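Visitor: I would like to learn how to read a helix and a sheet in a model, one feature at a time.
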Amino acid sequence: DGQQARPPYTVEQVVKVFTFMHRIGGERGLIRQSEFFLYGEQDRAAVAACRNLGFAFPEITAWIRAVKSDFELVKQMELEETGILTSCSDYHIFLKLRKNRRQALDGYKDIVGAALANGIVPRCHLEDLTRADVFGLVIPMINEIKDLCQGTGLTPTFRLCDTMGYGLPYAGSSLPRGIPALLQAIRENTDVRPEQLEWHGHNDFHKVMVNAATAWVHGCAGANGTFFGLGE
C-alpha cells in the first residue's frame, strides 16, 4: 500500500492494484494473498472496497502487532486470517519490546489463542529471524504455537522474515543467516509442512531474489513480494 515507501495509496488506487494482482494471479491464485493494515479509516475502507469485488484470490488478510487492541480491528473487519508480528531476535525482544524471551512468547501465544478462539487463522511473522537463536527460541516458538493450534481445525502459517537482509543462499552458511541451514533446522525439528512456510526477504544487500528462490528449493512453499519496487 506504499506506506513504507511513499504516501499511502488512495482507496481507488488500492482497488486498481488489487484488481491487477487478481488478474495476473489467475483463478488458481498464483498470488495467494494480499496483506492490509487496518489502523486508519482509509485502510479499512480499502479492505471493504476490495472485499466487495468478490475475488477468491488474492485472499484479503491483515497485519497486526501482537497486542489486543490490534486484534480487535481484525475481529471488527471479520477477516478469516491475520498476520501477527512475533519478533524472534533478542535485538527486538530485549531492546524493542523490553521483555525477556518467555514473556515475549507468552504474549504472542495470547494473541494466537485469541485468533483461534474466534476462528481466525494465525500467520506468525518471525521478525528478524536471521539474527535469532534458532534452536534456543525459534524452534520452540514454532512448536509451542503449533501445539496451541492442535484440535482447532485451523492451520497456522509461519513467515520467515529476513528483516535486515542478512540471509545467505550458500550451502554451508551457518545459522541463523544460512537459508539452507535455516530451512533444514525448521523442517527437521518441527512438523510444519512446506505450505505452512513463507519467505519474507528484504533487499538491503541485493539478495532478495536468490534468497527467496533458495528458501523455495529447501522447502518453503510461498514467498512475499512487493509491486512497483515499493515497500519492503
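Guide: On the face of H3 turned away from its buried side sit the exposed residues Lys68, Ser69 and Gln76. Exposed means over 50% relative accessible area, buried under 20%, and partly exposed in between, with a 1.4 Å probe and protein chains only. This is a predicted model, in which local features need pLDDT of at least 70 and side-chain atom pairs count only at pLDDT 80 or more, while totals for chains, interfaces and linings use all residues. Residues are numbered from 1 along each chain as its sequence is written, and side-chain values use heavy atoms, leaving out hydrogens and water.

Visitor: Which residues of helix H3 are buried?

Guide: Helices (H or I, at least four residues) and strands (E, at least two) are DSSP runs, numbered from the N terminus. In H3, residues 68–77, the buried ones are Asp70, Phe71, Leu73, Val74 and Met77. Seen down the axis of H3, these fall within an arc of 145 degrees, so they line one face of the helix; the arc is that of the directions from the helix axis to the C-beta atoms.

Visitor: What is the order of the strands in the open sheet?

Guide: Strands of a sheet pair through backbone hydrogen bonds, either parallel or antiparallel. Two strands count as paired if DSSP finds at least two bridges between them. Here the seven strands run in the order E1-E2-E3-E4-E5-E6-E7, with parallel pairing. Strands E1 (33–36) and E7 (222–223) stand at the edges with a single partner strand each, so one side of each is left without a neighbour in the sheet. E1 and E2 are joined over four bridges in the parallel sense, and phenylalanine 36 stands opposite alanine 62 in E2.
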